[in-house]
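These are my notebook entries on a structure that I consulted for the first time. I set down what I looked up, entry by entry.

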Amino acid sequence: MTKKKKYQVDDKGMYGRFGGAYIPEMLYPNIENLKAKYIGIIESDKFQTEYKNLLKDYVGRPSPLYFSKRLSDKYNTNIFLKREDLNHTGAHKINNTVGQILIAREMGKERIIAETGAGQHGVATATACALMGLKCVVYMGETDMERQAPNVARMKMLGAEVIPARSGNKTLKDATNEALRDWICNPEDTFYLIGSVVGPHPYPDIVARLQAVISEEIKQQMQEKRGKDHPDCVIACVGGGSNAAGSFYHFLEDERVKLVAVEAAGLGTDSGETAATIAMGDEGIIHGSKTYLMQDDDGQITEPYSISAGLDYPGIGPMHANLKDTGRGTFLSVTDQEALDAALELTQLEGIIPALESAHALAALKKLTFKPEENVVITISGRGDKDMETYRQHFGF
Amino acid sequence: MNRIAQLFKEKKNILSIYYTAGFPQLTDTLPILETLEKAGADLVEIGMPFSDPLADGPTIQQSGQTALKNGMTINLLFEQLADLRPQLSIPVILMGYFNPVHKFGMERFVEQCRKTGVDGVIIPDLPFDEYREKYEALFTQAGISNIFLITPQTPEERIKLIDKNSNGFIYMVSSASVTGTKKEISEQQTRYFKRINNMQLASPRLIGFGISDRASFQKACDYAAGAIVGSAFINLLNNEGNNPEKISDFIQSIKKTN
C-alpha cells in the first residue's frame, strides 16, 4: 500500500469536498464509461509506450528547465523557467491532447469536440486530430475568436471546424457550455476532449495525469542541475489550472515544496472585472464540478474578465479549490497591467516572449520573497506569438 | 397523497407545460400559471432561470437570459408563488440547475416549496447518489417529489434503480438532444418508447424534449402517461406574451384527439 494521498482525487472522484460529477442524466453513461476505463487505458503498456514516444518525438519533450540568470540576479534568488512554450504548438496543452486522443481512439470514438479560450487547447486538439485522422470540432467564444484570430486560422488549417459560442460574454465559459451541449446531442460517437483540470470527474484527474509530465521532468532536471530532486517553490498561472496541476503534481505530497498558483485579477479583484476565482468566489457547481466559482447571491455565474483569454474563466479546477482549502497551495492574483509588465521584463532580460497567461506567473515574483539559496521554478506555459497584437497595442510597438 | 400522485392516478394523456419564471415579463409567473390551469394544462413545470443552462437549446436559454435581465431570482419566485394555494389546484414542479438551488440552500429551498405548495422538483444536474445520500429524507419529510430523468442511453439496471426510487413520475428524455429540437418522432425513438413501456416500471412516465405539437404529443401518449411541452410554449409566450386566448388555443390544439 502506498501512503494515502491527501491532495489527489479519491475513489469517489472528490478532492476533499470538491469535484464529483454534477451532470445531467444525458451525460451519465458517457462519464461512467470513461470512469470505468481511463485508469486501465492510461496505465497500460500500450498507452504509455505510445504516449511517451509522442511526447518525445512529436511534442519535443523533455522541455528544458532553463536557469534564468538575469531574472535570478534581479530577484536575488535562483529562478528556473520550465519551458512549456517550446513544445510543439507553443504551449503545455499538447501534453494533454496527445494523451486524450489515444484514450479516445482506444474507446472507439470517431469525432472529437473541444472548448478553447485562448485557442491553445483548440490548436493542440486540432493538431492531435490531424495526427490521428479524427474529425475535430472546436467551440470558441466569439469574443475570443476576435482577440486570438491567428489561432482560429491555425485550427482551420489543421482541418478543424471552429464553431463560435455566442451566449454570455462569448468566452471560455460559454464555449464549454456549447461543447457540453454538443456531447449531450452526440453521446455515442463523440469524445469530449477537455483542455483543463475542470469538468466532471474523471476529467480533472485525466488532465492532471497527462500534464504531470511537467513536474516529473522538473524533478529529474532539478536533480541534474542542483543535486536534489525538488525545487523550494513552483509557480504557475491558473485559469482552470492545467499547467499548474501538471507543475505541482509530483510535489503535491512533498510539503518541502511551496506551491504558488497565480490567478488573473483583470482590472483588480474588487473592480468587478476580474477572473480571480479563489479571491472572489465561493463554493458552487460549474461545468459538472463542485469547486470555487464566481457567482452572485442568486447562484448565477458571474461573467469573468481578464486580458488573457486562457485565464478568463469564472471557475477553477477542484484540485486547486482543495489546495486552497487545505492551505497546501498559495494563491495570488495579478492584474492585467502587472502581467503585461512581467511579460516585457522577461522578454528584455532573457529574450523570451511569454504568453499573457504565463506572464501572470512571472508577475508573482514581485509579490513573493525568496532567500538567495532557494530554487524557484516558474512554468512558462506558452509562448507569446498569439498575443503579439495585444502587446503591440499596449506597448505601442 | 400529493397533487402529482393524485393526477397520475386519475388521468391519462397528461399534458405538462414548461415555462420560465419571470418571462416574458417579470410579473408574468403566476398569471401564466392561472391561464394554464384554466386552459386545461394538467401539470406545470416552472423553470428557474440559470446563467449556464447546459441541457437547454437556444429557445429556453434565451427565455432564461431575459428572465434574469428582468430580475428573476429564486427568492422572488417564492414571493410570486406565495398566493399559489389554495386558489390554484394544478400540480406545480420547479425545474432548474443545481447551482442556484445549492446557493439558496437545499433545506431552505425544500421548506419554501412546502410552504408555497410546490409539489415537485427537477434538478437535472443533481446526481442521483448525492440526492439519496443527502437530500432524500428532507424531500420525503416535506412531501415533495424529486423527479429523475432517463434517456435512450440509460442502462436498464439504472432505469430500474431510478424507478424504485422515484415518486411522482419519471421524466423520459425523448432522444439524445438538448431542449427545443423540433423533429418528427423517429422509428428509433418509437422503439425506445416501446422498450421502456415493456419494462413494466412502477412509476408513470412523461416524455419530454422534442414534443411540440399534437402529433408528437399523441405519439408520446401511446407509450407513456403523457408528455411535456417546453420550447414550443416558450416560443408562443415570446410572440404573444400572457395572452389567455392564444394560450388556450395552443393547449387545445395539442390535446385535441382525432
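This is a predicted model: local features need pLDDT of at least 70, side-chain atom pairs count only at pLDDT 80 or more; totals for chains, interfaces and linings use all residues.

Residues are numbered from 1 along each chain as its sequence is written, chains are lettered from A and ligands numbered from 1 in the order in which they are written, and side-chain values use heavy atoms, with hydrogens and water left out.

Entry on S63(B). I located S63(B) in helix 3 (residues 58-70) of chain B; helices (H or I, at least four residues) are DSSP runs, numbered from the N terminus. I recorded a relative accessible area of 1% for S63(B), which is buried (under 20%; exposed is over 50% and partly exposed in between, with a 1.4 Å probe and protein chains only). The side chain of S63(B) reaches the backbone oxygen of I60(B) at 2.8 Å. Leaving out residues up to four places away in sequence, I found S63(B) touching T20(B), F23(B) and I234(B), where contact means heavy atoms within 4.5 Å.

Entry on K103(B). I found K103(B) in helix 5 (residues 98-104) of chain B, partly exposed at 28% relative accessibility. Which side chain does the side chain of K103(B) meet in a polar contact? I identified D282(A), at 2.5 Å. Beyond four places in sequence, K103(B) touches residues including Q295(A), D296(A) and G299(A).

Entry on helix 15 of chain A. I noted that 8 of the 8 residues of helix 15 (residues 356-363) of chain A are buried. Helix 14 (residues 336-350) of chain A packs against helix 15 of chain A at about 90 degrees, with the axes 8 Å apart. Axes are lines fitted to C-alpha atoms, for helices over the stretch in contact, and angles run from 0 to 180 degrees between N-to-C directions. Helix 14 of chain A is therefore roughly perpendicular to helix 15 of chain A (65 to 115 degrees; under 35 counts as roughly parallel, over 145 as roughly antiparallel and the rest as oblique). Among the residues in this contact are L340(A) and L346(A) of helix 14 and L356(A) and H360(A) of helix 15.

Entry on helix 1 of chain A. I recorded that the axes of helix 1 (residues 28-43) and helix 9 (residues 203-211) of chain A come within 10 Å and cross at roughly 20 degrees. Helix 1 and helix 9 of chain A are therefore roughly parallel to each other.

Notes: Helices (H or I, at least four residues) and strands (E, at least two) are DSSP runs, numbered from the N terminus. A polar contact is a pair of N or O atoms within 3.5 Å; within protein, one must be able to donate a hydrogen and the other to accept it, and residues adjacent in sequence count only if both atoms are side-chain atoms.
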